[in-house]
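Reader: I'm new to protein structures. Could you show me how to read one, feature by feature?

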Amino acid sequence: MYKTSLDIDQIRNDFPILHRKVNGQPLVYLDNAATSQTPLPVIDAIGDYYKHTNANIHRGVHALSQEATDQYEAARQKIQQHFNAAHAHEIILTSGTTHAINLVANGFASLLNQGDELIVSALEHHANIVPWQMLCERTGATLKVIPMTDAGILDMNAFSQLVNTRTKVVFVNHVSNALGIINPIEHIIEKAHAVGAAVLIDGAQATPHLVPDLQKLNADFYTTSAHKICGPTGIGMLYGKEKWLRKLPPYQGGGEMIDQVTFEKTTYADLPHKFEAGTPNIAGGVGFGAAIDYMNRIGFDAIAAHENDLLQHATEKLKQIEGLRIYGDVQNKVAVISFNVEGLHPYDIGTLLDKMGIAVRTGHHCCQPIMDFYQIPGTVRASFAFYNTHEELERFVTGVEKAVSMLR
Ligand SMILES: *Cc1c(COP(=O)(O)O)cnc(C)c1O
């Protein structure tokens, strides 16, 4: 009954961590929405960089510096091609999604006026709320919220009412990390552009599962973090359309981002370096590129098919547990299942699962407004990756059943 085109055993050999034990039990890692595990080709790419190439980039005339620069810029091109951005200089390498969103929100401070409006969705990660609230405090702009329905779907009629010529920026995640729902971003981008607003899409939770075509999507900004896509922590990307990146002022000042510095005046480097002050995470960039290669070798179609199989099976089985409610149980979603069991605290379920070697996340998942909406302290969230197996799924479901019977 269970079919996949992936050779999961072979794939799992690339991930040493998946073979370790936790609390005496073989690890079942279902916290992929928080961070994915790192395969050997990525670990090796980072190790090889430090063993053979390590030098500062864009600075030295010596061979190592040039090799390091070439590898870092090759990673940028790989990222550009993977996401089909029009130019490599539209890819800014950041420390991750949080840094990328802060860079954009900070830049808009000089472009906004009192009375301007910003639109966020009810389904956002704190990383796509707080930087914009800080921007509102600085500029006097107001923040409007696209409401969600009980099913976890964004209310597009309400959005139509909110968007108007005062709207300057709209920021929404592609996929909700708390619920796994894929948001109707194409529609949002079109409506926002019709009034001249810029759109930022937080893609941190989408890119492990699908590949957005940035030119087709037509968002003005798109962000992600490498560590959600089998890459290392501390590196990510901000994609920005050239016209917007030229309009925004630099975020941080320092080395790398300048053209000429005197005490009277400094001029800035061209894109992308204008936004990349200081020595970047060079090894991380190399690892990011290796992660994209790795994912593409496996293939995103096969990844989606396998993950969707896991999602359908796990959803079906969990629903048979009495009193269990899944939040965001809709068709159009990735393999993230957020749930609670009536009368039980999510933390207690998570703690018992951990004792069985099963890693899930419990809590608000950096999305307190969603938890407030449902009037719950948090959920248990199981998030699957392509390297998870059917056996792991069975152990997880049995684990939840056991935890529930122990707590009841
Ligand atoms: C993980 C995540 C973030 C934050 O990413 P960082 O790597 O911590 O900067 C933001 N938004 C979503 C949807 C996420 O899943």
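Author: Let's begin with overall size, and bear in mind that this is a predicted model. One way to judge how a chain is packed is to compare its radius of gyration with that of a compact globule. For 408 residues such a globule would have a radius of gyration near 22 Å, and the chain has 22 Å, so the two agree.

Reader: What does the C-alpha trace span along its principal axes?

Author: The spans are about 70 × 55 × 35 Å. Within the chain there are 14 helices and 17 strands.

Reader: Which polar atoms lie within 3.5 Å of the ligand's oxygen atoms?

Author: Thr98 places a polar side-chain atom 2.6 Å from a ligand oxygen. For His227, a side-chain N or O atom is 2.8 Å from an oxygen of the ligand. Thr97 instead uses a backbone N or O atom, 3.4 Å from a ligand oxygen. Taken alone, the ligand would expose 380 Å², and the protein buries 86% of that.

Reader: What kind of space does the ligand take?

Author: The ligand takes up the largest pocket.

Reader: And the backbone: which peptide bond is cis?

Author: Look at omega, the angle about the peptide bond. Between Leu271 and Pro272 omega is near 0 degrees, a cis bond. Pro272 belongs to the loop joining strand 12 (266-268) and helix 10 (282-298).

Reader: Where does Glu256 lie, and what is its phi?

Author: Glu256 is in the loop between helix 9 (242-247) and strand 11 (258-261). Its phi is near 75 degrees, a positive value in a residue other than glycine.

Technical notes
Residues numbered from 1 in each chain as written. Predicted model: local features only at pLDDT ≥ 70, side-chain atom pairs only at ≥ 80, totals over all residues. Heavy atoms only, no water. Polar contact = N/O pair within 3.5 Å; in protein donor to acceptor, adjacent residues only side chain to side chain. Areas by Shrake-Rupley, 256 points an atom, 1.4 Å probe, with all protein chains shown as cover. 1 Å grid on protein atoms, 1.4 Å probe; cavity = no way out; pocket = protein on both sides within 12 Å on 5 of 7 lines; lining within 4 Å. Sits in = over half its atoms within 2 Å of the grid points. Helix = DSSP H or I, 4+ residues; strand = E, 2+ residues; numbered from the N terminus. Rg over C-alpha atoms; globule rule 2.2 N^0.38 Å.
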